[in-house]
Amino acid sequence: MEVASYLFLLFLIFLLFTFALFIGIIVGMFVRVYEFISPAISYITRVIYFSSGIFFMLQELPDSLKNFLLFSPIVQIVDLARGIMVSDYTSAGASIGYILCCLFVLISIACITYMSLREKVLIAK
């Protein structure tokens, strides 16, 4: 592999970390204010984990399911990383532009969530 591939892989890992950070901020704010959401988080986490593309390759899936899963930026990050690490694997429609747009929207939602729930979080418990 070339140096550019390793740098791109590090960039993808950074994007995945950033997604996790801002999803954690959003979920943490909501769970702190609305405690009834807390039991559902483990179920939601399992669904996200099993649909993230870690256990399967997008090439092996039917087109209808593949098109549905490509809406998830986490699936696209995993698919691009797999394309870098496995020499004969080609990424199935993943786009870095889509990932960055989703990250921008997620950051915006996290900022809006923080600004609207800031007072309630400080008062809670």
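A: Helices (H or I, at least four residues) and strands (E, at least two) are DSSP runs, and they are numbered from the N terminus. With that rule, Leu9 has its place in helix α1. Before going on, note that this is a predicted model, in which local features need pLDDT of at least 70 and side-chain atom pairs count only at pLDDT 80 or more, while totals for chains, interfaces and linings use all residues. Residues are numbered from 1 along each chain as its sequence is written, and side-chain values use heavy atoms, with hydrogens and water left out.

Q: How many helices and strands does the protein chain have?
A: The protein chain has five helices and zero strands, and from the N terminus on its elements run α-α-α-α-α. Along its principal axes, the C-alpha trace spans about 55 × 30 × 20 Å.

Q: How is the span of a helix judged, and how far does α4 reach?
A: The expected span of a helix is 1.5 Å times one less than its number of residues. Helix α4 (73-85) has 13 residues and reaches 18 Å from its first C-alpha to its last, which is close to the 18 Å expected.

Q: Is Leu9 buried or exposed?
A: The general idea is a scale of relative accessible area, on which buried means under 20%, exposed over 50%, and partly exposed in between (1.4 Å probe, protein chains only). Leu9 counts as buried because its relative accessible area is 15%. Of the 125 residues of the protein chain, 31% count as buried. Helix α4 is mostly covered, since eleven of its 13 residues are buried, among them Pro73, Ile74, Asp79 and Arg82.

Q: Which residues is Leu9 in contact with, leaving aside its neighbours within four places in sequence?
A: Contact means heavy atoms within 4.5 Å. With those neighbours left aside, Leu9 is in contact with Ala81, Ile84 and Met85. Leu9 and Ala81 are 72 residues apart in sequence, yet their C-alpha atoms are 6.0 Å apart in space. For the protein chain as a whole, residues 24 or more positions apart account for 67% of the contacts with a separation of 6 or more.

Q: What is a nonpolar core, and which residues have the most contacts inside the largest one?
A: A nonpolar core is a set of buried Ala, Val, Leu, Ile, Met, Phe, Trp, Tyr and Cys residues joined through side-chain atoms within 4.5 Å. The largest here has 16 residues, and those with the most contacts inside it are Leu12, Leu15, Phe19, Ile77, Leu80, Ile99 and Leu106. Helices α1, α4 and α5 each supply at least two residues of this core, and α1 gives the most to it, with six residues. Leu12, not counting residues up to four places away in sequence, touches Ile77, Leu80, Ala81, Ile84 and Ile96. A second, separate core of eight residues includes Leu69, Val75, Tyr89 and Ala92.

Q: Where is Leu69 found, and what is around it?
A: Leu69 is found in helix α3 and counts as buried, because its relative accessibility is 10%. Leaving aside its neighbours within four places in sequence, Leu69 is in contact with Ser51, Phe56, Leu58, Leu61 and Val75.

Q: What is a salt bridge, and how many are there by this rule?
A: A salt bridge is a side-chain nitrogen of Lys or Arg within 4 Å of a carboxyl oxygen of Asp or Glu. By this rule the count comes to one: Asp63 pairs with Lys66, the closest N and O atoms being 3.5 Å apart. Both residues lie in helix α3 (residues 63-69), three residues apart, which is about one turn of the helix. Asp63 is exposed, with a relative accessible area of 53%, whereas Lys66 is buried at 15%.

Q: Which residues make the nonpolar surface patch?
A: Patches are made of residues with over 30% relative accessible area and no salt bridge, where like charges are joined within 9 Å and nonpolar side chains (Val, Leu, Ile, Met, Phe, Trp, Tyr) within 5 Å. Accessible areas come from the Shrake-Rupley method with a 1.4 Å probe, and for residues only the protein chains shown count as cover. Phe11, Phe14, Phe17, Leu21, Ile25, Ile96 and Leu100 make a nonpolar patch of about 600 Å². Helix α1 gives the most to this patch, with five residues. Phe17, which lies in helix α1, is exposed because its relative accessible area is 52%.
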